[in-house]
Amino acid sequence: MMSASKLPQTGTTIFTTMSALANEVGAINLSQGFPDYDCDPELVELVNQAMKAGQNQYAPMAGWMPLREQLAQKVQDLYGATYDPDTEITITAGGTQAIFTAICAAIHPNDEVIVFEPAYDCYAPAIKLMGGTVKSLELEPPTYRINWEMVKRLITNRTRMIILNSPHNPTATILHQEDIEELSTIVRNRDILILSDEVYEHLIYDGEVHHSMARYPELQQRSFIAASFGKLFHTTGWKVGYCLAPAALMQEFRKIHQYLVFSVNTPVQVGIANYLKNEEHYLTLSKFFQQKRDLFRSGLANTKFELLPCSGSYFQSVSYRKFSDMKDTDLAIQITREHGVASIPVSAFYNKATDHHILRFCFAKKQETLEKAIERLMKL
C-alpha cells in the first residue's frame, strides 16, 4: 500500500533525465555539473593516507575538528568573519544536504520562503516538505538582476527566510554591492533568516568579488551558508560540503543533521583538512575556470546561440530565440539526440516551467571535450 505522496508534483530531476539520455545516445554530457577530469592526485593520496592510518570509523557528528578549524581560518582570511569551529561549522554530505537541513531546521508550517527563479531544484521541495510556502520571484534574462522593490512587496509577517545563490546556478550571475545594501535594508529589524547557497564561491571571474554573507556582520548573524568541497576540488562524487551559521542557528541545524546522516565519511574529511592547508588549492580556481569559460564562450560565439553573461559558476547559458521557437525541453532533447551534446533546459529551474528559450551548458570539462562539443554545436 502507498500513502499519498508528500511531493505529488515532483518527478525525476532534469539532471538525471538529461544525463541518462546523454549516456543512452553517447552524447557529450554538458548537462549535469560535474567535471570529466580527475581531481588533484595529491588530494587522493591524502585521503588514501588517512585510510591506511586507520581513520575509517565515525567522525564526530559535527565533523572532523581539524577540518572545521581549517575552514574557520579560511573564512577568517577571505571574509574577515569569525566562526567558532566547535559550535558554528558542520561538515555535511554535500551542499544539497546542508541546504535541506537548514530548511528543515528553520521552516515551520505556513512560514513563507522567498526563492528567486530560475532556482536550483532542491529548494522548493524541502520548503514544501516542511509545510512552508514558496514565494517565487522570477528574474528576467539576460541579466537576471534581483528587483528589490518586488522583493519588498513579497515580504509579509510570515516571511521566515530568503534563499540566495551566488554565484548563481543556472544563470552564472553574481550578487553585487548594491544587492547587499538592498538586502540588508529589507531584513533589518525583521525576523527573517537567510540561506545563502555559496557552493561556487571561488568560481568568480573578471576580477569580481564574491559577496559572501560572511562578509557582512548584520547578514552573517542571520545566515546559514552552504558550501561544497565537490565543486571546490572536482570531487562531486565524494559528496562532502559544509554549513556555517551562528551558534543558535547551528544548534537547530545539528538537531536535524544528526538524524539525517549523523556524520560524513572520515578519511575524506581528514584528507581535505590537510589539503586546505595550502591556500593555493582554492585561490587559483577562478583563473583555472575562467580559462575554460573563455575557451567555451569563444567557440560558442561561432554558433547560432546568443551568449548570456557569465560572471561566476561553471555554467554558460545561451539563448536560441533567434533561430528556433521550440520548447527548451524539446530542443535540448533534439540537440542531444541529433548533434550529440547534452544541455539543461532552463525552464526546469522555474516552478511554472517558464520558457525563455534558454539552455545551460557546463564547461567544467577537458579542453578537448569542449572543443569537440563546440564543433558539433556549430553544425546546428
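Q: How many helices and strands does the secondary structure of the protein chain come to?
A: There are 15 helices and 13 strands. Helices (H or I, at least four residues) and strands (E, at least two) are DSSP runs, numbered from the N terminus.

Q: What kind of model is this, and how are residues numbered?
A: It's a predicted model, where local features need pLDDT of at least 70, side-chain atom pairs count only at pLDDT 80 or more, and totals for chains, interfaces and linings use all residues. Residues are numbered from 1 along each chain as its sequence is written, and side-chain values use heavy atoms, with hydrogens and water left out.

Q: OK, how much of the chain is buried?
A: Of its 380 residues, 55% count as buried, meaning under 20% relative accessible area with a 1.4 Å probe, protein chains only.

Q: Let's switch to α7. Which residues are buried there?
A: Helix α7 covers residues 177–187, and its buried residues are D179, I180, L183, S184, I186 and V187.

Q: Why are they on the same side of α7?
A: Because they cover an arc of only 165 degrees around the axis, taking the directions from the helix axis to the C-beta atoms.

Q: And what do the buried residues of α7 pack against?
A: They pack against α6 (148–154), β5 (159–165), β6 (193–197) and α8 (217–220). Contact here means heavy atoms within 4.5 Å.

Q: Which residue follows α7?
A: That's N189, and its phi is positive, near 65 degrees.

Methods
Buried means under 20% relative accessible area, exposed over 50%, partly exposed in between (1.4 Å probe, protein chains only).
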